Amino acid sequence: MGTSDFISIDDSQWPLLVARFVGQPSLQQQEEHFSQLLGYLAREEKCVLILDTRQVRMMTAEHRQKLTAFSRQYDALFRARLLGCAAVITSPLMQLAASLVLHFIPRPCPYFTTTSLPEAVKWTAKRLEDAGHPLDAHRVQQHHGPVRTEQCAG
């Protein structure tokens, strides 16, 4: 685990949370991520979550075990607060690992897997809109949507 291995949560577009996983975060960093996520869920507001794993290396068995235990322990809280979770997974090995975790722990909220961040944003914005948050959905799409991508590419 190097200094470039980390997990961050971007809450600048609340109620959208974007968790980014880079490298192979330590077990301590994973625990800190869990604590931070619980802090957001304690707000007693509905939210959507994007898990961006495009830059992560394969999770260890211990990481998967801790994720499974965390998911089981806080299942009711996830059901109460999460409108949906979209995972951006580009690695076939990570897709397999995610399938295994989901096999043992079904997601407590609607779940979408894609290889594209714009698709994850589109899906989570739809979840917000369907839950009666059209202004949040529009703001999220404007911030992360194709218009911004095209501007950055030019």
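Please bear in mind that the model is predicted.

I begin with helix H1, which covers residues 27–41. Which residues of H1 are buried? They are Gln30, His33, Phe34, Leu37, Leu38, Tyr40 and Leu41. Because they cover an arc of only 155° around the axis, they lie on the same side of H1. The face turned away from the buried side of H1 carries the exposed residues Gln28 and Ser35.

What do the buried residues of H1 pack against? Their partners are the strands S1 (6–13), S2 (16–23), S3 (47–56) and S4 (82–88), together with the helices H2 (61–73) and H3 (75–81).

With a relative accessibility of 30%, aspartate 11 counts as partly exposed. Neighbours within four places in sequence aside, aspartate 11 is in contact with Leu16, Leu17, Tyr40 and Arg43. Tyr40 is also one of the buried residues of H1. From aspartate 11 to alanine 76 the separation is 65 residues in sequence and 22 Å in space, C-alpha to C-alpha.

Finally, the surface. Leu96, Leu100 and Phe104 make a nonpolar patch of about 310 Å². Phenylalanine 104 belongs to helix H4, residues 92–104. Its relative accessibility is 54%, and therefore phenylalanine 104 counts as exposed.

Methods. Residues are numbered from 1 along each chain as its sequence is written. This is a predicted model: local features need pLDDT of at least 70, side-chain atom pairs count only at pLDDT 80 or more; totals for chains, interfaces and linings use all residues. Side-chain values use heavy atoms; hydrogens and water are left out. Patches are made of residues with over 30% relative accessible area and no salt bridge: like charges are joined within 9 Å, nonpolar side chains (Val, Leu, Ile, Met, Phe, Trp, Tyr) within 5 Å. Accessible areas come from the Shrake-Rupley method with a 1.4 Å probe; for residues, only the protein chains shown count as cover. A salt bridge is a side-chain nitrogen of Lys or Arg within 4 Å of a carboxyl oxygen of Asp or Glu. Helices (H or I, at least four residues) and strands (E, at least two) are DSSP runs, numbered from the N terminus. Buried means under 20% relative accessible area, exposed over 50%, partly exposed in between (1.4 Å probe, protein chains only). The expected span of a helix is 1.5 Å times one less than its number of residues. The arc is that of the directions from the helix axis to the C-beta atoms. Contact means heavy atoms within 4.5 Å.
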